[in-house]
Amino acid sequence: MSDRPVMIEFDDVQKVYPNGTVGLKDIDLKIYDGEFVAVVGLSGAGKSTLLRSINRMHDVTSGNLKVDGQSIVGYKGKDLRNLRRSIGMIFQDFNLVDRASVRRNVLSGKVGYYSTWKSSLGLFSAEDKQRAINSLKRVNMVEKLYTRVDELSGGQQQRVAIARALMQDPKIMLADEPIASLDPLTTNAVMDDLLSLNKDLGITVLANLHSVPLAMKYADRIIGLRAGQLVYDKPIAEVSEDDFAEIYSESHPVTGGAVHG
Amino acid sequence: MDKDLIPKRTFVQKYHVKGLVGTFIFLLLLWGSAVMTGVNWGEFFTNLDQFFDLLSRMAHPAWDYTNIVIQPILETIQMALIGTTIGTLIAIPFSILAARNLIKNAVVRGVIRFILNLVRTLPDLLLAALFVAIVGIGSTAGVWTLAVFSFGMISKLFYETIETIDDGPLEALRAAGANNVQVVVFAVVPQVLNSFVSYFLYTFEINVRASTVLGYLGAGGIGVYLQRSLSSFRYDQTAVIVIAILLIVIVIDSVSNSLRERLQ
Ligand SMILES: Nc1ncnc2c1ncn2[C@@H]1O[C@H](COP(=O)(O)OP(=O)(O)OP(=O)(O)O)[C@@H](O)[C@H]1O
Ligand SMILES: [Mg+2]
């Protein structure tokens, strides 16, 4: 992987929440262009914090964070919105507007590329309307174009959410426990969709997963967090099941995790 | 042993002390206010004669008066509609600025809420008197009265609705690079639109009823005619007006109710 350009780079990143909780501690991490990285760790380990610092939904306390070579920690206003529109994000609870149609939800992924008034009046270009259809085709949901989101199952909603993120033409896709609310069957459909974005479109994928078998099945590389620290980082070929006992153990910090990169 | 599992009630619980004390205080307040306002129950019932006398005189409505009332009735409805619309349009930005989940700045929110609370303390009749004094007698005064009244009521209903929405879509839109206006348009509006329309109709209903009275203070509409007929003792005309108001209110209430039900 290290022959590819670096897409995301954490340099001694710290995150302390206003109430004193440590979110991230001494994070040094490089994610390469086109990787599919699974992030694992106990609840509260800092997985969501890690993901959300990449699109600055959370600000880091200190250290540097680069996306595609640019330091993003000082971004404000337009720069920040431009960063965010280049990064797709999907969520455990899908975060779609239930009362709106699939089409409107998917198109809303593109608003970062439109002026306030054009988007508010719903003046999307013919090209983007076509793109919405193509995005939905990619996740096999195009027949639901005009359906209201609240009439869809959870798995279908997550696929619509992926289509919405695809509208952004993202370089990076952040997935925060994308399958935690889904049953095993739809889980595979959603994970397959993520994999195809990664393999066919070359989008760098960073996914928080609670399931080790899924992480092993889909990811190229697994990183483990524990109390805000990076305690594990191996390409999938070197991962063995036994490693996870350490990441998920309640006590003694792991020392053996090889940090590659 | 089983008996021990049943929890014991405290003295207060056992003898319903709170309920009894509450009832007693309520009765005391009732009696106190009757004494202080000088309600004379005897007088209240002897005056019933007058009431029945009025009713009997209203029993023969002057139906030919109907043609004359139609115009002011329509004016009343127009006043209510325009007033409610103006109030709503002003209420929208205010309710957004007052919503906790949209505006993180507590100072901005506090100032806006203070203004809204202030506006809501003004009784509509006081507003009417004020506007008649400012813009003169006529329906313009009525429209402004209803606009201010609707603004106070609707902005509170609106911001409380906004605060109940699911924040997930807001987060998703922000993460996609949307600016604040786009977040409102794409994530807030679709979630609140139905409730907003429903509250608009509800306020319109209230305003139609309220505006029938505003005429009393010279703020236009059917109330002017109501006052005129009463002060000239033309109870046959009063009867026509009362019936007309009743019909209109029933029609508007039921239309708006069925619309609101469909919006649920
Ligand atoms: N807004 C916040 N304010 C204060 N503390 C927070 C906040 N968000 C998260 N934390 C804390 O930071 C730590 C890391 O949280 P984070 O959500 O990143 O964990 P996670 O690994 O995603 O957990 P989970 O698997 O439960 O989603 C936790 O201790 C959490 O309680
Ligand atoms: Mg999390």
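pLDDT is the predictor's confidence in each residue, on a scale from 0 to 100. The structure described here is a predicted model, and chain B averages a pLDDT of 87 in it, with 98% of its residues scoring at least 70. For the complex, the predictor gives an ipTM of 0.90 and a pTM of 0.82.

**Confidence in chain B**

- Helix 10 of chain B, residues 168-175, has the highest mean pLDDT among the elements of that chain, at 96.
- The lowest mean among these elements, 62, belongs to helix 1 of chain B, residues 2-5.
- Where pLDDT is low, predicted coordinates should not be read in detail.

**Ligand 1**

- Ligand 1 is surrounded by 13 residues, and the closest are A:Ser43, A:Gly44, A:Lys47, A:Ser48 and A:Thr49.
- A:Ser43 places a polar side-chain atom 2.5 Å from an oxygen atom of the ligand.
- A:Gly44 takes part through its backbone: one of its backbone N or O atoms lies 2.7 Å from an oxygen atom of ligand 1.
- The side chain of A:His210 has an N or O atom 3.3 Å from an oxygen atom of ligand 1.

**A six-stranded sheet in chain A**

- Six strands of chain A form an open sheet with mixed pairing, in the order 6-7-8-3-9-10.
- At its edges are strand 6 (87-90) and strand 10 (229-235) of chain A, each of which pairs on one side only.
- On average, neighbouring strands of this sheet are turned by 15 degrees against each other, direction ignored.
- Strands of a sheet pair through backbone hydrogen bonds, in either a parallel or an antiparallel manner.
- Strand 7 (residues 172-176) and strand 8 (residues 204-208) of chain A run parallel and are joined by five bridges.
- A:Asp176 has A:Asn208, in strand 8 of chain A, as its bridge partner.

**A:Lys110, a buried lysine in a loop**

- A:Lys110 sits in the loop between helix 3 (102-107) and helix 4 (116-120) of chain A.
- A:Lys110 counts as buried because its relative accessibility is 8%, and the cut-off for buried is under 20%.
- Leaving out residues up to four places away in sequence, A:Lys110 touches A:Asp128, A:Arg131 and A:Met167.

**A:Leu65, a buried strand residue**

- A:Leu65 belongs to strand 4 of chain A, residues 62-67.
- Its relative accessible area is 1%, so A:Leu65 is buried.
- Apart from neighbours within four places in sequence, the contacts of A:Leu65 include A:Ile8, A:Phe10, A:Val13, A:Ile54, A:Val60, A:Ile72 and A:Val73.
- Also among them are A:Glu9, A:Ser53, A:Gln70 and A:Ser71.
- A:Gly46 is 19 residues from A:Leu65 in sequence, and their C-alpha atoms are 16 Å apart in space.

- A:Arg104 is part of helix 3 of chain A.
- With a relative accessibility of 32%, A:Arg104 counts as partly exposed, because this value falls between the 20% and 50% cut-offs.
- Not counting residues up to four places away in sequence, A:Arg104 touches B:Val185 and B:Phe186.
- Within chain A, A:Arg104 and A:Val149 are 45 residues apart along the chain, and their C-alpha atoms are separated by 9.7 Å.

Note on methods: Residues numbered from 1 in each chain as written. Chains lettered and ligands numbered in written order. Predicted model: local features only at pLDDT ≥ 70, side-chain atom pairs only at ≥ 80, totals over all residues. Heavy atoms only, no water. Helix = DSSP H or I, 4+ residues; strand = E, 2+ residues; numbered from the N terminus. Buried < 20%, exposed > 50% of the residue type's maximum accessible area, 1.4 Å probe, protein only. Contact = heavy atoms within 4.5 Å. Pairing = 2+ DSSP bridges. Axes fitted to C-alpha atoms, helices over the stretch in contact; angles between N-to-C directions. Near = heavy atom within 4 Å. Polar contact = N/O pair within 3.5 Å; in protein donor to acceptor, adjacent residues only side chain to side chain.
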